[in-house]
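Me: I would like to walk through this model with you, one question at a time. Could you take a look?

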Amino acid sequence: MIRARPGGLLRRLLLFILLFSLCFTVLASSVQLYIEYRREMRDIDSRMELIRAGYLASLERSLWDLNQEQLNVQLRGLVDFSDVARVHLTSADFDLLQGNPDPTGPLRIERFTLDYQPPSGPLRKLGELEVSTDLGAVYQRLYATGLTSLLWMAVFLCGLAVALSGLFYRLVTRHLKVMAEFARRIAAGEWQEPLHLDKRRGSDEIDTVAHALDDMRRAILRDIERRETDRLALQDNRDELLKMVERRTASLMRAKDEAEAANLAKSRFLATMSHELRTPLNGILGMAELLRGARLDAQDGKRLDALHKAGEGLLTILNEVLYFAKLEEGVSHPELVDFSLRQLLDEVLTLLEPRALNNDTILSCRVDQRIAEYHHGAEQFLRQVLSNLLANAIKFTEGGEVSVEVALLSETGEQTGQRLRVSVTDDGIGIAPAMQAKIFERFTQASEEVAQRFGGTGLGLAICKHLVEQMGGCIGVHSEVGRGSCFWFELSLQPASGVAEVEPVRAVGPALKILVVEDVALNREVAKGLLLRDGHQVWLAEEAEQALEHCAAQAFDLLLLDVHLPGISGVELCRQIRNIDGPNRHTRIFALTASVQPALVRGYLEAGMDGVLAKPLKLENLRQVLEGHASVAESLLSDETMDWPLLQTHRNLLGEQKVQSLLAVLRDSILQHRDALNEAIAADDCTEVAQLAHRLAGSCDSLGFRSLATTLRALETLALGNDESAIRHMNPTLDEQLQHSLQTLKGLLQS
């Protein structure tokens, strides 16, 4: 424990008073000296004015009369003035000096002009009078006065400081020592002895502090007694509290797992949730699909195929871009197909050739002759990596050359599997050595100057690294500033399982009357072109009012409604068509949208829609809807506990693989919540029951388990109302629903 030195505060107070006294004494003495100095100067000014007013006229008269004796008398009279050291009169006739001829001290010299006005004639200039005042005498008086004042004031203030220090010790310091010792006793746990001060007079601020300290002592005693009482009172309920804490901890862990699962599930929906990203893709892929039926020469057809595959590649890689931007899923599942590496390179180079020509850059490609014609692997991932690396090389190379080289490193066995090294080399601006280690990180570019000049998000190389690692490879760079860069990656490709045959031409069903309601002109033309190709009759509408007019005028076989219409939305338009007793009340209606997360899809189906077509539109998906293959089998609809149309819609939009992973997440969530719910119900913990039921109900509802979701929401309502008996009565029904849902999930996951 740190203890203050005895008398420390008193010494500091004394030093402070002495320092203040010194400063005040110096300041007061300075002010007094200044006042004395000003007074001396005023006295000198007064004497000079007296000489001017009372002596100059007499001197001028004596000088006019040439009376030297009188002049000497008058000058001696001036020397007798206080502090006048010397008087010197000069004229054409006299040069008279009275006083000290060579004074040593500092002087103040005043000069007076001597003129005389005779009775007749002009004013005559007779001479000059010089009066020298000895300032040294003035300074000596000021010094003596200031020193005396300073000494007396210092003595007085020092005595005052000592008296105040003694008084302060008497009134404050000694009591502070007592209170400090009392505080140390309190810190040591000695709370029984009260605080007493040796004071004989009435109360003051010190007494207030002492009373506060003693009140603190009594409060500590009361708090100790209260804590002991509370400890004894809570001891009997310790086991129950520990169980409740364990339940809350388990609940928090489940909530954490659910949050991570929800985060993972959300990542898997991101590709179809972005309306703004997929709307332009709808136009690109749709127009490319339409142009495939046009008569094009070989070169244009080649470019069109490259454009279409690039668009599909962009659609595939969109999940990866959103993953890097949101730091979400972290695991990709590449689609493995048979493909030709040479054809892939040719398509990528064809697509990027116009961009290279704009930069006056030459593209070249060299492939090792020993590399197989076909491989089996993630073609779209490989296409995206090559496109990103080549696009970067072209962007940073002006008037140069970009080359691609594919070399065979080794044969990996398993019947001609191969280890390849792909290099993209340019002679562009290059990358500084310090940045080469960071260039594959997210949102990183070579320098601020490069970012400002060329733009970009800094995600391209990070995406390449992620995709190459997902394919089991590695990636790197060799670069020199001003001389170019070489980006390379190595990966192993398996032998092709068999070259795919050309897909036969699909038979088109009977012509249908179809109304397309879409506010974007490009999307309307895409849908119209795809439908007219199969011989259907197409009507177009830009907004809900036009669509209602068409629906009132004639019956259609199919309605395709964009969800995001200006004014009345596509969902509200569907409700109006279903509620109006018109020719299209029972017509099949499908939503056109990129927003296909489960909560929104449920809203589309509840509004009366028969299904959802995801943007961008694909001809195969559109034909399935036209032929009725996108509907749900009748055998599935017989189970009222499930919303099978919703689950089937998720399959159509997200793919079976993603739906299977979501179902697995739901199964794990139900297993975790089942035991926790039973434990919370047994303990009558309504708060925990409400939280668990609420979280699980949302997950069930999103994937079509509507009966279990309804039961859980009813349980949540009872828990919020603290109806413990009703909750216990409902528990068997809940167990039955949970078991049935787990059986359904088991069947779905096995299938």
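Predicted model: local features only at pLDDT ≥ 70, side-chain atom pairs only at ≥ 80, totals over all residues.

What follows is a set of questions and answers on the fold, the side-chain pairs and a few single residues.

Me: What percentage of the residues of the chain count as buried?
Reply: Here buried means under 20% relative accessible area, exposed means over 50%, and partly exposed is in between, with a 1.4 Å probe and protein chains only. Among the 751 residues of the chain, the buried share is 42%.

Me: And what share of the accessible surface belongs to carbon and sulfur atoms?
Reply: Accessible areas come from the Shrake-Rupley method with a 1.4 Å probe, and for residues only the protein chains shown count as cover. The surface of the chain comes to about 40400 Å². The part belonging to carbon and sulfur atoms is 55%.

Me: Which residues form a nonpolar patch on the surface?
Reply: Patches are made of residues with over 30% relative accessible area and no salt bridge, where like charges are joined within 9 Å and nonpolar side chains (Val, Leu, Ile, Met, Phe, Trp, Tyr) within 5 Å. One of the members, L171, sits in helix α4 (residues 135–187) and is partly exposed at 44% relative accessibility. Together the patch residues have about 460 Å² of accessible area, and they are F156, L160, L164, L167 and L171.

Me: How many salt bridges are there?
Reply: Side chains of opposite charge can pair when their charged atoms come close. The rule asks for a side-chain nitrogen of Lys or Arg within 4 Å of a carboxyl oxygen of Asp or Glu. E36, R39, E40, D43, R47, D83 and R141 are linked in a network of such bridges. The count for the model is 30.

Me: Why are D223 and R226 separated by about one helical turn?
Reply: These two form a salt bridge, with the closest N and O atoms 2.4 Å apart. D223 is partly exposed at 22%, and R226 is partly exposed at 46%. They are about one turn apart because they lie three residues apart in helix α5 (residues 205–235).

Me: Which parts of the chain does the pair of E542 and R524 link?
Reply: The side chains of E542 and R524 meet in a salt bridge at 3.7 Å, N to O. The two are 18 residues apart, and the pair links distant parts of the chain: the loop between β13 (537–541) and α15 (544–553) for E542, and helix α14 (residues 521–533) for R524.

Me: How are the rings of Y55 and F81 arranged?
Reply: Rings of Phe, Tyr and Trp (its six-membered ring) pair if their centres lie within 6.5 Å; planes under 30 degrees apart count as stacked, over 60 as edge-to-face and the rest as tilted. By this rule there are four aromatic pairs. Y55 and F81 are one of them, with 5.6 Å centre to centre and 85° between the planes, which is edge-to-face.

Me: Which residue lies over the face of W488?
Reply: A charge sits over a ring if NZ of Lys or CZ of Arg is within 6 Å of the ring centre and within 35 degrees of the ring normal. At 4.3 Å from the ring centre of W488, the residue is R421.

Me: Last one: which residues does N584 touch, beyond four places away in sequence?
Reply: N584 is in the loop between α16 (570–579) and β15 (588–593), and is buried at 2% relative accessible area. Contact means heavy atoms within 4.5 Å. The residues touched by N584 are C551, Q554, A555, F556, I577 and R578.

Technical notes: Residues numbered from 1 in each chain as written. Heavy atoms only, no water. Helix = DSSP H or I, 4+ residues; strand = E, 2+ residues; numbered from the N terminus.
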